[in-house]
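Grab a pencil and take a look at the protein below. Try each exercise yourself before you read the solution.

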Amino acid sequence: MNKINNLNQVDLLNFCKKKIEELKNKNINTGLSSYLYFASWAQSPGYEILKNKLKANNVFRRLYVNFKYKLFIFKLLKLKTFSKFKIDINDYNTIVLTWGSINDFDDQGFYKDRYFNSEAKNNKNILWYVIYEGSLDVNINDKNLVVIFMDKNKKYLNFSIFFNILLNIIKILKLNIFNFFHYLSFYSFYAIALKKITFRNDLSKIKKIIMPYEGQPFQNYIFEEISKSYKNTQTIGINHSSLLPLPTNMIFREGSPNKLIVNGSSQKSILVDHLNWNESKIYIKDSLRYKKNINYGLQGCIFFPY
């Protein structure tokens, strides 16, 4: 493990694990909290806590980032869903919640998931929820697909879902004002918004809910609520790439899936030895994202260690 300001990765992981455990004992929902989402690769409130531990930021920057992510909450006024066809939840036994962009749709408007290397039209028993990146300027023809996106139309404001999120936050707080700051940030509000979208229907016939798992608050919160409300539904996370050099986002916590699929024994060892996962929850499978029989056009490329 490399040393960073006299701290190595294990030190930082232990710091994060201790922080999660401490706040769990104070009735903070550790899967939903924006401050406990320790993304080590992108700006976020949790990332600023890591930088502060390393003495790599200043108080003004930390205040700026926290304030910015509070303002980002208002982006949810633009949150919208789209499906070209009427969805009957009874037609499906599995839900996949994933990400997509215009590049994941072909010329006919059919979606192919980049993480599972699978086409929605070939998996008719799966209802796909696709968090869409960018303006929704693509023709969509899949019958089993719901797109979640931010509407750029200036006239569109979704006050209903916004105030419903606030009511959910108040219920979670249980009159504990101190806890409010853990959820007063975009990641937590977004988590509740996506949970409300996926829970619009009765999910009692759904056997599995699957996500390309990154330990994001919305993933943990939806998994946790599924496990509470639908005890017979499996929650499955797919680790769609190699673990990060500092995998603080993958520490086991409230809302971590019942089953996590990884692509190698070394990943399993790190998750068990350093990230608090129970060995029985981790399964090693061949990669869904990358296949040996597909030509990815990588000839002539230079590869570096991650």
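**Exercise 1.** Which residues does Ser185 touch, not counting residues up to four places away in sequence?

*Solution.* Keep in mind that this is a predicted model.
- Step 1: find Ser185 in the loop between helix H5 (177-183) and helix H6 (186-198).
- Step 2: skip the residues up to four places away in sequence, and you're left with Ser34, Pro45, Tyr69 and Ile73 as the ones Ser185 touches.
- Step 3: check how covered Ser185 is. Its relative accessibility is 1%, so Ser185 counts as buried, since the cut-off for buried is under 20%.

**Exercise 2.** Decide for Cys16 and for Cys301: buried or partly exposed? Then work out how many disulfides the structure holds.

*Solution.* 
- Step 1: Cys16 has a relative accessibility of 0%, so Cys16 is buried.
- Step 2: Cys301 has a relative accessible area of 41%, so Cys301 is partly exposed; that class sits between the 20% and 50% cut-offs.
- Step 3: recall that a disulfide is a covalent bond between the sulfur atoms of two cysteines. The count for this structure is zero.

**Exercise 3.** Take strand E8 (residues 145-150) and say how many of its residues are buried. Then find which way its side chains point and which strands are joined to E8.

*Solution.* 
- Step 1: go along E8 and you'll find that six of its six residues are buried.
- Step 2: sort them by direction. Leu145, Val147 and Phe149 point one way, while Val146, Ile148 and Met150 point the other way. Both sets are buried.
- Step 3: look at strand E3 (residues 79-82), which runs antiparallel to E8 and is joined to it by four bridges. Here Thr81 stands opposite Ile148.
- Step 4: now look at strand E7 (residues 126-132). Four bridges join E7 to E8 too, but this pair runs parallel. In this pairing, Tyr129 stands opposite Val146 of E8.

**Exercise 4.** Describe the largest pocket: what is its volume, and which residues lie nearest its centre?

*Solution.* 
- Step 1: start with the volume, which is about 500 Å³.
- Step 2: turn to the lining. There are 19 residues in it, and those nearest the centre are Lys75, Ile131, Met150, Phe186 and Tyr190.
- Step 3: sort the lining residues by type, and you get twelve nonpolar, two polar and five charged.

Key
Residues numbered from 1 in each chain as written. Predicted model: local features only at pLDDT ≥ 70, side-chain atom pairs only at ≥ 80, totals over all residues. Heavy atoms only, no water. Disulfide = S-S within 2.5 Å. Buried < 20%, exposed > 50% of the residue type's maximum accessible area, 1.4 Å probe, protein only. Helix = DSSP H or I, 4+ residues; strand = E, 2+ residues; numbered from the N terminus. Pairing = 2+ DSSP bridges. Contact = heavy atoms within 4.5 Å. 1 Å grid on protein atoms, 1.4 Å probe; cavity = no way out; pocket = protein on both sides within 12 Å on 5 of 7 lines; lining within 4 Å. Points joined across faces, edges and corners; volume = space filled by probe spheres on them. Nonpolar A, V, L, I, M, F, W, Y, C, P; charged D, E, K, R; others polar.
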